Amino acid sequence: MAGQPTAKCGDPKEELKAKLQAIHSMQAEFSQQVFDAQQHLLQTTSGHFYVSQPNKLRWEVTLPDESTLIADGDSLWLVDPFAEQVTAMEQAGAVDNNPIVLMTDPNNPAWEQFTITLADGGFQVDASDEQSHVQRLVFYFDGALLSKMRILDRQQQQSELSFSNIKVNQPLNQQLFIFSMPDGFELDDQRHAATGL
């Protein structure tokens with residue numbers, strides 16, 4: 001298709017990166033089911049998802065319990081209203097534990113930390129680091145649209161995500177990706193924990 005990034009034939013990593021490069025922005029509703037290692041359903045959640053390249057992401061869980069994840073390009077903010085706590089992490093380092101952040105920058109050098117293959121009709125992303133919290137991430141596309149994701153963590157819990165009401169490459173309010181500290185919340189700032197040793 002004219003204007004679409006081209007990928008090297010037979011290279012799943014380049015093909016996936018090309019598909020993601022074509023998604024300059026995306027907003028969608030999502031539903032998520034979380035299963036344990038024995039495939040028993042543990043939880044069902046739903047919410048809203050926003051991505052703006054480069055390096056910006058917002059993940060809002062609205063049901064059953066609210067939480068928000070914001071990647072602003074420098075930091076990753078996890079807002080937990082139930083605990084009235086915000087956890088802040090360096091976004092660059094957070095890729096190790098949450099490769100979903102790779103969606104925000106298909107040219108991120110962190111891609112080299114992952115092995116990408118075609119499997120089960122999707123793009124399977126496996127972490128090379130055995131300490132990575134997320135062991136495997138699978139992207140599923142319906143044409144050019146990202147329609148589903150599957151996430152497997154190191155405890156063998158599996159999350160199945162389905163997207164609906166998808167809008168791609170439409171202007172997004174950049175205020176979505178600006179974090180503001182809620183009144184009365186505690187901040188757990190882990191951004192410089194490694195350098196403080």
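**Close-up views of a predicted model**

**View 1. Lysine charges over aromatic rings.** Lys19 is positioned over the face of Phe141, 5.0 Å from the ring centre.

**View 2. The largest nonpolar core, with Phe139.** This core comprises 34 residues, of which Trp59 and Phe139 touch the most other members. Strand β9 (residues 134-142) supplies the largest share, 4 residues. Beyond its neighbours within four places in sequence, Phe139 contacts Leu16, Met103, Gly122, Phe123, Val125, Leu146, Lys148 and Met149. Another core, of 7 residues, lies apart from the largest one and includes Val79, Val86, Ala88 and Phe179.

**View 3. The stacked pair Phe30 and Trp59.** The count of aromatic pairs comes to 5. The ring centres of Phe30 and Trp59 are 4.5 Å apart and the planes meet at 25 degrees, so the pair is stacked. Phe30 belongs to strand β1 (residues 25-35) and Trp59 to strand β3 (residues 56-63), so the pair ties together parts 29 residues apart in sequence. Both Phe30 and Trp59 are buried. Ring pairs join Phe30, Phe49, Trp59 and Phe163 into a cluster.

**View 4. The stacked pair Trp77 and Phe179.** These rings lie 4.2 Å centre to centre, with 10 degrees between the planes. Trp77 is in strand β5 (residues 75-80), whereas Phe179 is in the loop between β11 (158-168) and β12 (186-189), 102 residues away. Trp77 and Phe179 are both buried.

**View 5. The surroundings of Thr87.** Thr87, in strand β6 (residues 85-90), is buried, with a relative accessible area of 15%. Leaving aside neighbours within four places in sequence, Thr87 contacts Leu76, Trp77, Leu78, Asp188 and Gln190.

Technical notes
Residues numbered from 1 in each chain as written. Predicted model: local features only at pLDDT ≥ 70, side-chain atom pairs only at ≥ 80, totals over all residues. Heavy atoms only, no water. Core = buried A, V, L, I, M, F, W, Y, C linked by side-chain atoms within 4.5 Å. Buried < 20%, exposed > 50% of the residue type's maximum accessible area, 1.4 Å probe, protein only. Helix = DSSP H or I, 4+ residues; strand = E, 2+ residues; numbered from the N terminus. Contact = heavy atoms within 4.5 Å. Phe/Tyr/Trp six-rings, centres within 6.5 Å; stacked < 30°, edge-to-face > 60°. Lys NZ or Arg CZ within 6 Å of the ring centre and 35° of its normal.
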